[in-house]
Amino acid sequence: MTFDYAARRGRLAELLPAHDVHALLVTSPVNVRYLTGLASSNAAVLVRADGTALLATDNRYIEAARKLDVPSAEAADVAGRLAAPGTGIEAASMSVAAYRRLGDGLVPLGPVVELLRAVKDEAELELIRTACAITDQAFADVSPRIAPGMTERELAGLLDRRMTELGADKPAFDTIVASGENGAIPHHTPASRELRAGDLVTLDFGARYQGYHADMTRTVSLGPPAGWQREVYELVAAAQRAGRRALAPGALAGEVDDAARSVIESAGHGGHFRHGLGHGVGLEIHEEPFLGPSRTGRLEDRVPITVEPGVYLPGRGGVRIEDTLVTREGGPELFTKTTKELLVL
């Protein structure tokens, strides 16, 4: 896939005067990749307000850097090679030690590049769409094998292997499988607990494809669900539908969260939904924008984002349903197509 990295740097350069800096020293590896195409563990790119740029990296990556559309230089201390007074720095990615080492006159800035990354072009969206299709297919292939006696860890391994067999770079994040009472822990680490008849099992997983991430959660029932299990499932499904309907360019992130959260609160389970409604996805699994009660930013067009309400009942279990969608002027486009009806295995 070919991207116009020069255009991305140009958009960033246009924003710099508003931040009272003449250049931005980009040190986040993900942001360096977004602006130059170089995937590395040690690189920095200086983007100037006049639109010019310089990439610095060490000898492990310099040959790859020289093939890109940005001038490059080899340096052991890549940030020090590019820093100068009046330069903005990425406060979230630079350590205090590095900041002190570079000297006075640098200007810490917030998520400038991250906000640029939130809006995707169609080429990026196609990669995320493919990552989601791999995720859907992996679930379709593995779900018939889910049965009592299988451990959470074994099920997570099946999903991970199937995604890579289908063409994923690797799993987008550490796969979550939470069964029975473990379903009350939103980010439970799969363990040796065996799945049991009567369990609800929450599976939160996704594929990474050419650097771009997918994210999907489904909760299934091992055998016919108990009344309380179906009640909670239908409540979360209703909240998820409300959150998806609220996704639109111009919508406030806090209002989208409230659309789903109010459904759960009205049923008396507000205290059992303890995280934000969703997050952006792209080169990172969690990136701008974020949906939550205190979020004030407005969504734009072509923003891939998750909607993932949940209800977690300590000692009993939980339900989470999550999709990856993209905001569109005519209504959100659904990327993860697996049914959200309760699957009884």
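**Rings and charges**

I started with charges over rings: Arg261 lies over the face of Phe273, 4.0 Å from the ring centre. To count, NZ of Lys or CZ of Arg must be within 6 Å of the ring centre and within 35 degrees of the ring normal. I also found Arg316 over the face of Trp228, at 4.2 Å from the ring centre.

A note on the source: this is a predicted model, where local features need pLDDT of at least 70, side-chain atom pairs count only at pLDDT 80 or more, and totals for chains, interfaces and linings use all residues. Residues are numbered from 1 along each chain as its sequence is written, and side-chain values use heavy atoms, with hydrogens and water left out.

**Ring pairs**

How many aromatic pairs does a search of the whole structure find? I got 3. Rings of Phe, Tyr and Trp (its six-membered ring) pair if their centres lie within 6.5 Å; planes under 30 degrees apart are stacked, over 60 edge-to-face, the rest tilted.

Phe3 and Tyr212 have ring centres 6.3 Å apart and planes at 45 degrees, so I logged the pair as tilted. Phe3 is buried at 13% relative accessible area (buried is under 20%, exposed over 50%, partly exposed in between, with a 1.4 Å probe and protein chains only). Tyr212 is buried too, at 2%. I noted that Phe3, Tyr5 and Tyr212 form one aromatic cluster.

Next came Phe139 and Phe205: their centres are 6.2 Å apart and their planes at 25 degrees, so this pair is stacked. I have Phe139 down as buried at 6%, and Phe205 as buried at 0%.
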